[in-house]
Amino acid sequence: MKKAIILFIIILFIPLFAADARGSEVAQLQQEMAALRSQFSEMKMSYETRINQLETKIEDIQKTYSIRAQTPQITSPVQPQSTSLGRYFQSFNPDVSVIGDFTYHATDRKNEEFRNQFQMRQTELAFSASVDPYARGDFFFHIEQENGDWHIGLCEGYLTLLTLPIEGLQAKAGKFKVEFGKANKYHLHNLPWVDYPNMITNYFGEEGMSEPGVSASYLIPNPWNKYMELTGQVVNNSNGVSFAGTDSKDLVYLGHLKAFFDINEESTVEAGSSLAVGSNTGSHGKFGKDMTALEGLDLTYKWRPLQKGLYKSLTFQNELLFSQKDRPYFDDGTDIIDGKTLNSWGAYSSLEYQFAKRWTAFGRYDFSEFPDYTKNRENAYSLGLTFAQSEYCLWRVQFKRTNRNYDKDENAVWLQCDFGLGPHRKHEY
Amino acid sequence: MLLAMSSFAYGKDTLNVLTTTEDLKSITEAIGGDKVKVDSLAKGLQDPHFVDAKPSFMMKAKNADLFIRIGLELEIGYEELIIDGSRNQKIRIGNPGHLDASEGVYLLEVPTTAKVDRSMGDVHPMGNPHYWLDPENARIVARNIAGRLSEILPENDGYFKENLKAFDKKMDEKTAEWNRKMAPFKGKKIAIYHRSWPYFADRFGLVIACELEPKPGIPPSPGHLKEVIDIMKRDNVKIILMEVFYDEKPAQFVAAQTGAEVVVVPNSVGGTKDAKDYFSLIDTIVEKIAAGFQVSGKE
């Protein structure tokens, strides 16, 4: 019985002891859990901090390198672009340009053909391209109105041999504007004025001297490494003003020496001397001396500031021409000159000043005699203003007063518009 | 190519290199080191579109062994005249002595219209030629130059490669620095004078809101400036970025109307005294833009 009571008590209290034991275990477990939670929380905070730090670093690195990793929008010009495909296919065609020269000419000289009239003075068609690896070709056709009819003529058409075996040598064959001074080489549309200087028209004709022939130019080596170019040309004697004219079978010989110096990076000087010699009758001395010798000097100063060169520039250009023309038989109706040489000369001095991106003012003084009429003289004073709408279109107004000792004085005003289409090759400096 | 190379018989250790811009000169000097003597036609102060084909430049071209151009018709107004006038066959297009630095560069603004004509202003049919203002393009230019120098002077191939490596390393360091400095301005809108800046803006995350030129190469007109002012006010544009060679008056007028800052920066090496080489050019641009944003932010 006693055993039974003890067993009963044990059975009765075991759960109580067990409950006590479980309670302490739970408390212990809870403590452990709290500790774990605390540790976990610390670790979490620690890891979160570290993760945040790493994310910041990654972001920094991404900022640094993401720009480099960007895919370029369009790449490689080596591949023909679809947009320039037309140009690609046309690349074997020459560059073709059309340049219009439109004027209104008001003058008090009554016998002028286009007096107080609008005039499409000239349309130039230009074709330029490489011929092969050794040469390039240039053609300039001029369409002009004469006596009511339109005519097209070849102003220039020549081949330039660019790579001759002698270093510094270049040659040209075809019809070209001869290398005499500066202004003779200009085309109408790239004159800095509306008209050619009187010296050019009086000694070479309305648009200067352009003849078929051959030309060779050589860069003269020199210890200063400066640009010094010697040009020799032989052309047909078809200029009828100073030389014999189209009936002649003779040739004219020309030489030109050009020296160019940089005063500094903004200013340059170009000096040139020219010589042209040829018969003026084509009679081969049958009636005595019949040679014409023309000598020219040119001096050009140019200034364009480096930084503001789009807005300001200045050109001061001067030329002198001397003529000795043998006239074995000259009859002006009153007297006969036999075996005499007529000495005459002409000159011009031009100043252009660009004072804004689109605006240039200019003035030119001309003095000129005539190769055949040495007593006749012209003094002319020109003033003008050019507005360059863009590189390819300009508007110009020019006033010119010409005093003549053989005719009435003249006052003339031109309005001019020059406009070009296509990739016309730039002109020489 | 080998035949062509041998026919020129460079036969000397130092090459005369003529570049069209001072940026190309700077990169060529970095790669070529003492194996090259470099001269540039255009100066950093100049508008690189308009360079006179002076006969003295023909003499420089005559003496050149290697001619390096920006390409994309940037030099269309003078390059051909100078090369023709130089009578130097070595530097003619197609020969080893002529390098178009744009080979393989990232291009922007390649016209997408079927026809490109001058009604669009002074557009470049092959794409915007101001690519050198993206430092990543400068790396490609450096690679092109190193490759060509190695072709011409193969005995110095290792030297050029080492210099290229050093150039790339410095570019890595500077790029990180430029990116860090420009990062605060990412996504900010700017106005520009001429479209010289799309490459720089694209690389550093600036957004070009408008240009003072109505079309490339066409001077600002009063009517167009009114539109620019409206856009700048609407988009809260606070910077007008322009080159050193343009007239500041239109930009100052717009700035006065909008409260924006005019930031005049060189777009070529030599454009300011600080821009001594390619790295200092980008340094100068980055610093001036950052200063411009800071000033405009305070006002």
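Helix α9 of chain B spans residues 249-258. In this predicted model, five of its residues are buried: B:P250, B:A251, B:V254, B:A255 and B:T258. Why do they fall on the same side of α9(B)? They cover an arc of only 135° around the axis, which puts them on one side of the helix. A general rule of helices fits here. An α-helix has 3.6 residues a turn, so residues three or four places apart point the same way. Now turn to the other side of α9(B). There, B:K249, B:Q252 and B:A256 are exposed.

What covers the buried residues of α9(B)? The cover includes helix α8 (222-235) and the strands β8 (239-243) and β9 (261-265), all of chain B. Follow the chain past the end of α9(B) and you come to B:G259. The phi of B:G259 is positive, near 75°.

The strands β8 and β9 lead on to a sheet. This open sheet of chain B has 4 strands in the order β7-β6-β8-β9, with parallel pairing. Strands β7 (207-211) and β9 of chain B stand at the edges. Each has a single partner strand, so one side of each is left without a neighbour in the sheet. Neighbouring strands here are turned by 35° against each other on average, direction ignored. Helix α8(B) packs on this sheet, where α8(B) touches β6 and β7 of chain B. The direction of α8(B) makes about 150° with that of β7(B).

Look at one strand pair in detail. Strand β6 of chain B covers residues 189-192 and runs parallel to β7(B). The two are joined by 4 bridges. Which residue of β7(B) stands opposite B:I190? That residue is B:I208.

Chain B holds another open sheet of 4 strands. The order is β2-β1-β3-β4, and the pairing is parallel. Its edge strands are β2 (36-40) and β4 (98-100) of chain B, each pairing on one side only. From one strand to the next, the twist averages 20°. Strand β3 of chain B, residues 66-69, runs parallel to β4(B) and is joined to it by 3 bridges. Within this pair, B:I68 has B:L99 as its bridge partner in β4(B). A helix lies over the sheet as well. Helix α2 (residues 22-32) of chain B lies across β1 (15-19), β2 and β3 of that chain. α2(B) runs at about 175° to β2(B).

Step back to the whole of chain B. The chain is divided into domain 1 (2-175) and domain 2 (182-298). Taken over C-alpha atoms, the centres of the two domains are separated by 27 Å. Their contact takes 28 residues from domain 1 and 26 residues from domain 2. Which elements give two or more residues to the domain 1 side? They are α2, α5 (135-152) and α6 (157-182) of chain B. The residues on that side divide into 10 nonpolar, 8 polar and 10 charged.

B:D122 is found in the loop between β5 (106-107) and α5 of chain B. Is B:D122 buried, exposed or partly exposed? With 17 C-beta neighbours inside 10 Å, B:D122 counts as partly exposed. Setting aside residues up to four places away in sequence, B:D122 touches B:P216 and B:G217. B:D122 and B:P216 are 94 residues apart in sequence. In space, they are 5.0 Å apart, C-alpha to C-alpha.

Next comes the contact between chains. This contact takes 40 residues from chain A and 43 residues from chain B. On the chain A side, the elements that give two or more residues are α1 (2-69), β1 (74-75), β6 (169-177) and β9 (251-262) of chain A. The largest share of that side, 4 residues, comes from α1(A). By class, the chain A side has 15 nonpolar, 14 polar and 11 charged residues.

Strand β10 (residues 267-279) of chain A runs antiparallel to β11 (residues 291-303) of chain A, and 13 bridges join them. Here A:V277 stands opposite A:A293 in β11(A). Strand β11(A) also pairs with β12 (residues 313-327) of chain A, in the antiparallel sense, over 12 bridges. In that pairing, A:T292 has A:K325 of β12(A) as its bridge partner.

Conventions: Residues are numbered from 1 along each chain as its sequence is written. Chains are lettered from A and ligands numbered from 1 in the order in which they are written. This is a predicted model: local features need pLDDT of at least 70, side-chain atom pairs count only at pLDDT 80 or more; totals for chains, interfaces and linings use all residues. A residue is buried if 20 or more other C-beta atoms lie within 10 Å of its own, exposed if 12 or fewer, and partly exposed in between; C-beta atoms are placed from the backbone. The arc is that of the directions from the helix axis to the C-beta atoms. Two residues are in contact if their C-beta atoms, placed from the backbone, lie within 7 Å. Two strands pair if DSSP finds at least two bridges between them. Axes are lines fitted to C-alpha atoms, for helices over the stretch in contact, and angles run from 0 to 180 degrees between N-to-C directions. Domain bounds come from an automatic or database domain assignment. Ala, Val, Leu, Ile, Met, Phe, Trp, Tyr, Cys and Pro count as nonpolar, Asp, Glu, Lys and Arg as charged, and the others, Gly among them, as polar.
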